[in-house]
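Here's a quick tour of a structure that may be new to you. Have a look at the sequence and the model, and keep them open while you read.

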Amino acid sequence: MVMDSWPSIVTTFGGVTSAANGLHNLYCGLSTLAAGWFPTAKASIVAGACVGAAGFGSMGAMFGVGAGFISASAGLAYFIHVLAQMNTENPPCHAPQQGTADAQAYPSPDWLSLRVLNWAVIGRVGSGKSTFINTIRCLKANDPSAAAVGVGHTTTQPRPYNLNGRMTEMASNMARIWDLPGAGTKQWPCASYIRDAGLRYFDGVVFVTSGAFSEVDLNLIQQLLAFKVPYYIVRNKVDQDVANNLEDNGVGVNDTLSEIRQELLHNGCDPLRTFLISAKHPDSDHYDFGLLIRTMALDVSSIRGQLREFQNASFTSTAEALAAATTRSSPSVSW
Ligand SMILES: Nc1nc2c(ncn2[C@@H]2O[C@H](COP(=O)(O)OP(=O)(O)O)[C@@H](O)[C@H]2O)c(=O)[nH]1
Ligand SMILES: [Mg+2]
């Protein structure tokens, strides 16, 4: 099933009747939509469904224009909507062109299909990569099809995950989210990691961290930037920092988040590419999970280039309105 228009996806979500347990249920059947995780999205999704034929006008409601934040489920619904519109005839525009010396130096890995949209999730063991992937797939760690979480589950080979349940269909089975082995092992040395992991062929690279950055991390990010591969610095587990800083120093959530942002900025991270999240609590309106997903969607639409709606003036103005309505503007880097 191809979802052609925003109203149709909004209506699909809005048709959901009872409230239960957040994004998890958005995926698992769409028969229940949760109050717990995403109250803003729930209200705006229902409002959007009522708008119906008003088309992209309903997107403002969806994103809670003026609220200064994008809820996780709104971000995810937008992500799915964009994916359903994508045409993957061409590889990402930043990927090396076939037959060139560049492509010889950086070959496309044989395990990667460019006929779908691929996001790499990288970072150190324990940073929360598997939890992040589960959350995008709306799964809890104890779900049978979830990525294994916790000690002793080190990824040694690239492993793809599809979206889950009904969402796969809604996104025309276009998304692959890859759990990649971290850089710096014997099998995956730092020096050739970008080449070995095929990172130049991905639609985006999500760099998950839960602590300070090393020189190696920053070097990797600089290379991605040089190769124009959209990257996302995802500082995970901020829920822990917030709780600890409150308990230890009596510092409130906003001040703790500002401190983390400052620290990342000080380490050379572009604030427009930096997202503070808790993969365990994507619904929190203090964190950037929804913004991250929405940015991934906007980037992919630009790098694969042929999204009909992105050539449409009303879409562009809505996208601009959205950017203006959120706390931060769209990334300054043009992919
Ligand atoms: N408090 C908190 N714990 C998290 C978060 N994300 C992951 N964890 C925990 O961190 C540990 C490692 O997570 P995992 O996803 O397996 O990390 P990976 O090795 O990078 O795949 C697990 O115990 C998770 O429950 C988060 O956002 N907040
Ligand atoms: Mg893992």
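## Around strand 3

Pro160 sits opposite Trp178 in strand 3. Strand 3 (residues 175-179) is mostly covered, with 4 of its 5 residues buried. Buried means that 20 or more other C-beta atoms lie within 10 Å of a residue's own; exposed means 12 or fewer, partly exposed is in between, and the C-beta atoms are placed from the backbone.

## A word on the model

This is a predicted model, where local features need pLDDT of at least 70 and side-chain atom pairs count only at pLDDT 80 or more, while totals for chains, interfaces and linings use all residues. Residues are numbered from 1 along each chain as its sequence is written, chains are lettered from A and ligands numbered from 1 in the order in which they are written.

Zoom out, and 6 strands make an open sheet with mixed pairing, in the order 2-3-1-4-5-6. At the edges are strand 2 (159-161) and strand 6 (274-276), each pairing on one side only. On average, neighbouring strands are turned by 25° against each other, direction ignored; the axes behind that angle are lines fitted to C-alpha atoms (for helices, over the stretch in contact), and angles run from 0 to 180 degrees between N-to-C directions.

Now for strand 5. Strand 4 (residues 204-209) runs parallel to strand 5, with 5 bridges joining them, and Val206 stands opposite Tyr232. Strand 5 (residues 231-235) also pairs with strand 6 in the parallel sense, over 3 bridges, and Arg235 has Leu276 as its bridge partner there. How many residues of strand 5 are buried? The count is 5 of the 5, so strand 5 is largely enclosed by the rest of the structure. Tyr231, Ile233 and Arg235 point one way, while Tyr232 and Val234 point the other. In a regular strand, side chains alternate between the two faces of the sheet.

## The core

The protein chain has 14 helices and 6 strands, and 45% of its 335 residues are buried. The largest nonpolar core holds 70 residues, and Leu83, Ala120, Val121, Val205, Phe207 and Val234 have the most contacts inside it. Such a core is a set of buried Ala, Val, Leu, Ile, Met, Phe, Trp, Tyr and Cys residues joined through C-beta atoms within 7 Å. Helix 5 (residues 72-85) gives the most to this core, with 10 residues.

Leaving out residues up to four places away in sequence, Phe207 touches Ile122, Gly123, Ile221, Tyr231, Tyr232, Ile233 and Val234. A contact means C-beta atoms, placed from the backbone, within 7 Å.

## Around ligand 1

Which residues are closest to ligand 1? Gly128, Lys129, Ser130, Thr131 and Ser278 are, out of 18 that surround it (C-beta atom, placed from the backbone, within 6 Å). Helix 7 (129-136) and helix 11 (238-249) each give two or more residues to this shell, and helix 7 gives the most, with 3 residues.

Definitions and conventions: Two residues are in contact if their C-beta atoms, placed from the backbone, lie within 7 Å. Two strands pair if DSSP finds at least two bridges between them.
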